[in-house]
Amino acid sequence: MNNLCVAHRGFSGKAPENTMASVRMAMQIPYVQWVEVDVQLTKDGVPILIHDFTLNRTTDGRGPVKEKTLEELKRLDAGSWKSKVFKGERLITLDEFLKGVCGRLRANIEIKTRGNLYPGIEEKVVAAIKRYRMEHDVVLTSFEPRILAKIKEIARGIHTGLIIEGKPKDLLLRLELLRCSFLSISHRYLSADLASRAAKLGMNVMAWTIDDARTMRRVAALHEDILICTNRPDVWQDAML
């Protein structure tokens, strides 16, 4: 099958999400070709990998990510919440992540923001990607159309993708107007017709987030090019190989 495996926040089923431990664990699996991560900004403007807008769930810190400097964030334990095996695991910057995966994995980088939470985040993320010459190895995704439009203004050659949980009738038109080449959609809203129409337009489609073999096989059967995003690459192996 062509349905590639995307490791969601790394191998987050077994390791703490968005950390180097999770990314390394995903990289050790030969059939993982993509990894999906989330990026926000520190108080001092450094792109850093973390999903939630607050630190509470995945670190021993408290409060909004944007209120902490990189130095403060680097002191936090981002592993113990998952398992004592990962005690002392740290948050990583986007640069550290890109250096780790460069030449080894393709990356779906979700820009986590809402409203005007992180002014200038697009420029900082694009600059990091250019530093590692990974323009052709990444796709920048967001729920926010204006973020995707801004990226196309400053870096036309970088692939962008809309994230959506739903299936509006004009979805493909929206993607074309935003000059997106990637659709990140909840698997519950994906159909064979939508996948086929997107493929004919040259768009990649990623279905998220699927952790059971039965659903993986069902979604894979919709179209051979659908990327399967999962916290459990080991389950993908059992389901798809």
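Helices and strands here are DSSP runs, numbered from the N terminus. The model shown in these views is predicted.

**View 1. The largest pocket and its lining.** The largest pocket holds about 170 Å³ of space. Its lining is made up of 16 residues. Nearest the centre of the pocket lie His8, Arg9, Glu36, Glu110 and Trp208. What classes of residue line the largest pocket? Five are nonpolar, six are polar and five are charged. Rolling a probe the size of a water molecule over the atoms shows where empty space is left.

**View 2. Arg9, a pocket residue in a loop.** Arg9 is among the residues nearest the centre of the largest pocket. Find Arg9 in the loop between β1 (5-8) and α1. Its backbone deserves a look. Phi of Arg9 is near 60°. That is a positive value, and Arg9 is not a glycine. Most residues other than glycine have a negative phi.

View 3. Trp208 is another of the residues nearest the centre of the largest pocket. Is the peptide bond from Trp208 to Thr209 cis or trans? The bond is cis, with omega near -25°. Most peptide bonds are trans. Thr209 sits in the loop between β8 and α8 (213-220).

**View 4. Helix α1 against helix α3.** Two packed helices are described by the angle between their axes and the distance between the axes. Here the pair is α1 (residues 20-27) and α3 (residues 94-101). Their axes come within 11 Å and cross at roughly 15°. Angles under 35 degrees count as roughly parallel, so α1 and α3 are roughly parallel to each other. The crossing is right-handed. From α1, the residues in contact are Met20, Val23 and Met27. From α3, they are Glu96, Phe97, Gly100 and Val101. By class, this contact has five nonpolar residues, one polar and one charged.

**View 5. Helix α3 against helix α4.** The axes of α3 and α4 are 10 Å apart, and the helices pack at an angle of about 30°. That angle makes α3 roughly parallel to α4. Their crossing is right-handed. Leu94, Asp95 and Leu98 are the contact residues of α3. On the α4 side, they are Val125, Ala128, Ile129 and Arg131. The contact of α3 with α4 has five nonpolar residues, no polar ones and two charged.

**View 6. Helix α4 against helix α5.** Helix α4 (residues 121-131) also packs with helix α5 (residues 145-154). At what angle do their axes cross? The crossing is at roughly 50°, and the axes come within 10 Å. The two helices are therefore oblique to each other. This crossing is right-handed. Glu122, Glu123, Val126 and Lys130 of α4 take part in the contact. Arg146, Ile147, Lys150, Ile151 and Ile154 of α5 meet them. The contact of α4 with α5 divides into four nonpolar residues, no polar ones and five charged.

Technical notes
Residues numbered from 1 in each chain as written. Predicted model: local features only at pLDDT ≥ 70, side-chain atom pairs only at ≥ 80, totals over all residues. Heavy atoms only, no water. 1 Å grid on protein atoms, 1.4 Å probe; cavity = no way out; pocket = protein on both sides within 12 Å on 5 of 7 lines; lining within 4 Å. Points joined across faces, edges and corners; volume = space filled by probe spheres on them. Nonpolar A, V, L, I, M, F, W, Y, C, P; charged D, E, K, R; others polar. Axes fitted to C-alpha atoms, helices over the stretch in contact; angles between N-to-C directions. Helix = DSSP H or I, 4+ residues; strand = E, 2+ residues; numbered from the N terminus. Parallel < 35°, antiparallel > 145°, perpendicular 65-115°, else oblique. Left-handed = near helix turned anticlockwise from the far one by under 90°. Contact = heavy atoms within 4.5 Å.
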